[in-house]
Amino acid sequence: MATVLDPPTEKRPLVRRTRSTAPGGRRRHIPALLAISPFYVLFAVFGAFPVVFSLYLSFQDWDGIGDMRYVGLKQYGWLLEDSVFWHSVLNTFEIWFLSTVPMLFLALVLAFLLHSQVRFTGAYRVAYFIPNVTSMVAMTVVFGSVFAQTGLANSALRMVGLDGVGWLSSEWGIKSSLSLMIIWRWVGYNALIFLAGLQAIPTEHFEAARVDGANSWQTLFRVVLPQLRPVVLFAAVTSTINGLQIFTESQVLFQSGDVGTTGGPGQEGMTIVLYLWQKAFKDHQFGYGAAMGWVLFAIIAVFTVINWRLVSGSDREDRRGIAGLARSLRRKGARDGR
């Protein structure tokens, strides 16, 4: 009996479906791109364009109204010969050192205390964060009255038999008052950052430290700090960026007839950003101010790399610290098994 065979079917070549050949193609992404496009438009207009234009402006001599005149690298050469600029750089570094180092240490101690079993922890967190959201201008006005010659700070010193300090008239008085304002504002913010990092550390590590007889300071420096290295790095980098851009504190604290452009007596409160603002918006030397801004960017970049190298440490130290914790946990487990 003959069998009827099905007619041979034609084999079609396999076509690999890509995003462009898929149903809808790239057009299906258009609604999503349109939804997020306002952010990129605003960033391009108010973010990217000012940065690029400031770099172009740093090679021009411009008063903000007339025609631009190309001067090349002369703006940067003038900066090297500007004694006031280098004085502002020195002031900025001194204020940054006096404020950032104590601030990070106090923030770490406060975070360690908040991580302990204390009452009203939520209220403390809110209280520590309030200075960070307080108006900078209002805060500076209050501190100006506190550090005045007859202000609260000198009154407290005289009550204990000490002489008053020229907080707003002497070199280190000016730098100390500015540093105290910065510490007051940012110590709570960094304490909450450190607290978030502490809460990510397993409780077994603290228990192992207590079993080994470590006190609170040994636990802080030998158990907490090695595991908080990324958090400390973040706090150090952000504090460096903020500390090298001090402006409002000095500008408002020494407000006078010249609208606070001198930085106080002897220009001891003159910072880089304050000098930039003076040259650009008071003396109308916008090209010179733009060049100063890019020099400040380079300084911040260098200090960020230095902080990264100092704080990040080596992988060998991290492995040694983790191995020590592991040995402590094994000893604890062996004691519990007994």
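**Cores, a buried charge network and a surface patch**

Setting aside neighbours within four places in sequence, Phe194 is in contact with Leu104, Ala107, Leu108, Ala111, Leu228, Val231, Val232 and Ala235. The model discussed here is a predicted one. Phe194 also stands out in the largest nonpolar core, a set of 39 residues in which Phe194, Val224 and Leu228 touch the most other members. Helices H3 (83-115), H5, H7, H9 (216-227) and H10 (229-243) each put at least two residues into this core, and H7 gives the most, with 11 residues. There is also a second, separate core of 19 residues, with Val89, Val273, Leu296 and Ile300 among them.

As for the chain as a whole, it has 14 helices and two strands. Some 36% of its 338 residues count as buried. Of the contacts between residues at least 6 apart in sequence, 69% join residues at least 24 apart. The accessible surface comes to about 21000 Å², and carbon and sulfur atoms account for 65% of that.

Helix H5 (residues 136-146) has a clear inside face. Its buried residues are Met136, Met139, Thr140, Phe143 and Gly144; these cover an arc of only 140° around the axis, so they sit on the same side of H5. Part of what covers them is helix H7 (171-199), along with helix H11 (248-253).

H7 turns up again with the charged residues. The chain has four salt bridges, and Lys175 takes part in one with Glu94, the closest N and O atoms being 3.4 Å apart. This pair ties together distant parts of the chain, with Lys175 in helix H7 and Glu94 in helix H3, 81 residues apart. Both Lys175 and Glu94 are buried. Lys175 forms another salt bridge with Glu268, where the closest N and O atoms are 2.7 Å apart. Here too the link is between distant parts of the chain: Glu268 lies in the loop between H11 and helix H12 (272-282), 93 residues from Lys175. Glu268 is buried, as is Lys175.

Elsewhere, Lys279 and Asp283 meet through their side chains in a salt bridge of 3.6 Å, N to O. Lys279 counts as buried because its relative accessible area is 15%, whereas Asp283, at 29%, is partly exposed. Shared partners join Glu94, Lys175 and Glu268 into one salt-bridge network.

On the outside, Leu33, Ile36, Phe39, Tyr40 and Phe43 make up a nonpolar surface patch with about 560 Å² of accessible area together. Leu33 belongs to helix H1 (residues 30-57) and, with a relative accessible area of 51%, is exposed.

Notes. Residues numbered from 1 in each chain as written. Predicted model: local features only at pLDDT ≥ 70, side-chain atom pairs only at ≥ 80, totals over all residues. Heavy atoms only, no water. Patch = residues over 30% accessible without salt bridge, like charges linked within 9 Å, V, L, I, M, F, W, Y side chains within 5 Å. Areas by Shrake-Rupley, 256 points an atom, 1.4 Å probe, with all protein chains shown as cover. Helix = DSSP H or I, 4+ residues; strand = E, 2+ residues; numbered from the N terminus. Buried < 20%, exposed > 50% of the residue type's maximum accessible area, 1.4 Å probe, protein only. Arc of directions from axis to C-beta. Contact = heavy atoms within 4.5 Å. Core = buried A, V, L, I, M, F, W, Y, C linked by side-chain atoms within 4.5 Å.
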